[in-house]
Amino acid sequence: SAVLLLPTGLYLLWQFIVLDNLSAAVMIEWMKSSLNAGVLLVFVLAAAYHGALGLQVVIEDYVNNKSTMMALRTLVYGAMIGLIYFSCFAVFKLLLG
């Protein structure tokens, strides 16, 4: 996941620097490009997965109770799936209109 975050993050950073301003109207127009929307979507998916993996390691290292560990891991994965779902919905809604 980190391998995807570096090039997509650099591309997004470069795109945001090149834009005149970061107003909502400019960002919506920017996201209507399929390339920009695709890169943003890959970045969000990779970031959600990367974050879930990091939280899983922290939970496994610092939570000793097995049932609490499983509950927290389920919560983290549920939050990751929710973030991915709503991110995909938002990007496709702006891209397709």
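Is Leu 96 buried or exposed? Leu 96 is exposed, because its relative accessible area is 68%. The cut-offs are these: buried means under 20% relative accessible area, exposed means over 50%, and partly exposed lies in between, with a 1.4 Å probe and protein chains only.

Before I go on, a word on the model. This is a predicted model, where local features need pLDDT of at least 70 and side-chain atom pairs count only at pLDDT 80 or more, while totals for chains, interfaces and linings use all residues. Residues are numbered from 1 along each chain as its sequence is written, and side-chain values use heavy atoms, with hydrogens and water left out.

Back to Leu 96. Leu 96 sits in helix 4, residues 66-96. Helices here are DSSP runs of H or I, at least four residues, numbered from the N terminus. Leu 96 and Ser 34 are 62 residues apart in sequence. In space, their C-alpha atoms are 9.5 Å apart.

Now the helix pairs. Take helix 1 and helix 3, residues 34-62. They pack at an angle of about 135°, with axes 9 Å apart. Axes are lines fitted to C-alpha atoms, for helices over the stretch in contact, and angles run from 0 to 180 degrees between N-to-C directions. That angle makes helix 1 oblique to helix 3. The classes run like this: under 35 degrees is roughly parallel, over 145 roughly antiparallel, 65 to 115 roughly perpendicular, and the rest oblique.

Who makes the contact? From helix 1, the residues include Leu 5, Thr 8, Tyr 11 and Gln 15. From helix 3, they include Asn 36, Val 39, Val 42 and Phe 43. Contact means heavy atoms within 4.5 Å. By class, this contact of helix 1 with helix 3 has twelve nonpolar, five polar and no charged residues. Nonpolar covers Ala, Val, Leu, Ile, Met, Phe, Trp, Tyr, Cys and Pro; charged covers Asp, Glu, Lys and Arg; the others, Gly among them, are polar.

Let's zoom in on both sides. Thr 8 lies in helix 1, residues 2-18. Thr 8 counts as buried, because its relative accessibility is 10%. Leaving out residues up to four places away in sequence, Thr 8 touches Val 39, Val 42 and Phe 43. The side chain of Thr 8 also reaches the backbone oxygen of Leu 5, at 3.4 Å.

Across from there, Asn 36 is found in helix 3. Asn 36 is buried, with a relative accessible area of 6%.

Next pair: helix 3 and helix 4. Their angle is about 175°, and their axes are 10 Å apart. So helix 3 and helix 4 are roughly antiparallel to each other. The residues of this contact divide into 21 nonpolar, three polar and two charged.

Met 69 has its place in helix 4. Met 69 counts as buried, at 11% relative accessibility. Not counting residues up to four places away in sequence, Met 69 touches Ile 59, Glu 60 and Val 63. Met 69 and Leu 19 are 50 residues apart in sequence, and 44 Å apart in space, C-alpha to C-alpha.

Last stop, a loop. Asn 21 lies between helix 1 and helix 2, residues 24-31. Asn 21 is partly exposed, because its relative accessible area is 38%.

Terms used
Helices (H or I, at least four residues) and strands (E, at least two) are DSSP runs, numbered from the N terminus. A polar contact is a pair of N or O atoms within 3.5 Å; within protein, one must be able to donate a hydrogen and the other to accept it, and residues adjacent in sequence count only if both atoms are side-chain atoms.
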